[in-house]
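Work through the exercises below with the model open beside you. Try each task before you read its solution.

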Amino acid sequence: MISPAAGIVVWLGASLIVVSDGRKGLAVGIALTTVGLATFAFLTAGPIAAIALALGGAVAATRRYVTGAEGWAILPPGSTPRLVLSLATALIAFWVAAGLTSGSYVSLRFGVIVAAVLSVARVLSTNEQTALLSAVALLSLSAAVATAMGSSITSLWPYLGGALVAAAVGWLPLRRVSAA
């Protein structure tokens, strides 16, 4: 019962990153996604992997909360295509995770697919630095959790690496853009 809830939390967080432009919306999106992915890490690789992901995501979310555009900016004008993308990605990811692949961990596959696809879509579709860095942090966390798929032996290194990348991306300096 925990695993399907974690998949839904990952989708909600990743969707929030896609449809938000403000720092509060992006920070909550990173935090939600981190909670879901850390749950998957706990279920597949144990508490140390989950703690590593949780710390990396917490650093990225905290940094995002204090830098970037003010407010939430959820569903700003012109964001309808991003909302449609979030909904369509959930449907297609569930179809792929449950119908086209075999084995256990349907929720894990769903969560990883949703997080990866939505973060890559946000990276490719934005010029806003805070949204871009938030999506890259999400991508590193989801790539770490993806190592648990199809593997009976889990190493902690991918989780630690994903957490470090997510934390480091949060601390990259933002460049000043002049209105010319």
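**Exercise 1. Is R122 buried or exposed, and what does R122 pair with?**

Step 1. Take the cut-offs: buried is under 20% relative accessible area, exposed is over 50%, and partly exposed is in between (1.4 Å probe, protein chains only).
Step 2. R122 has 3% relative accessibility, so R122 counts as buried.
Step 3. R122 forms a salt bridge with D21. The closest N and O atoms are 2.7 Å apart. A salt bridge here is a side-chain nitrogen of Lys or Arg within 4 Å of a carboxyl oxygen of Asp or Glu.
Step 4. D21 lies in the loop between α1 and α2, and R122 lies in helix α5, so the pair ties together parts that are 101 residues apart in sequence. Helices are DSSP runs (H or I, at least four residues), numbered from the N terminus.

A note on the source: this is a predicted model, where local features need pLDDT of at least 70, side-chain atom pairs count only at pLDDT 80 or more, and totals for chains, interfaces and linings use all residues. Residues are numbered from 1 along each chain as its sequence is written, and side-chain values use heavy atoms, with hydrogens and water left out.

**Exercise 2. How many salt bridges are there, and which residues form the others?**

Step 1. The count comes to three salt bridges.
Step 2. R82 pairs with D21, with the closest N and O atoms 3.2 Å apart. R82 is in helix α4 (residues 80-100) and D21 is in the loop between α1 and α2 (23-45), so this pair ties together parts 61 residues apart in sequence.
Step 3. R82, at 16% relative accessibility, counts as buried. D21, at 24%, counts as partly exposed.
Step 4. R23 pairs with E70, at 3.0 Å between the closest N and O atoms. The two sit in distant parts of the chain: R23 in helix α2, E70 in the loop between α3 (47-66) and α4, 47 residues apart.
Step 5. R23 is buried at 17% relative accessibility, whereas E70 is exposed at 60%.
Step 6. Shared partners join D21, R82 and R122 into one network.

**Exercise 3. At what angle do the axes of α1 and α5 cross?**

Step 1. Axes are lines fitted to C-alpha atoms, for helices over the stretch in contact, and angles run from 0 to 180 degrees between N-to-C directions.
Step 2. The axes of α1 (residues 2-19) and α5 (residues 106-125) cross at roughly 5° and come within 8 Å.
Step 3. That makes α1 roughly parallel to α5. Angles under 35 degrees count as roughly parallel, over 145 as roughly antiparallel, 65 to 115 as roughly perpendicular, and the rest as oblique.
Step 4. Look at the contact (heavy atoms within 4.5 Å). Residues of α1 including W11 and I17 meet residues of α5 including F110 and R122.

**Exercise 4. Which residues have the most contacts inside the largest nonpolar core?**

Step 1. A nonpolar core is a set of buried Ala, Val, Leu, Ile, Met, Phe, Trp, Tyr and Cys residues joined through side-chain atoms within 4.5 Å.
Step 2. The largest has 39 residues, and L37, F40, L53, F110, V114, V145 and Y159 have the most contacts inside it.
Step 3. α1 gives the most to this core, with eight residues.
Step 4. Follow L37. Leaving out residues up to four places away in sequence, L37 touches V10, L53, L138, L141, S142 and V145.
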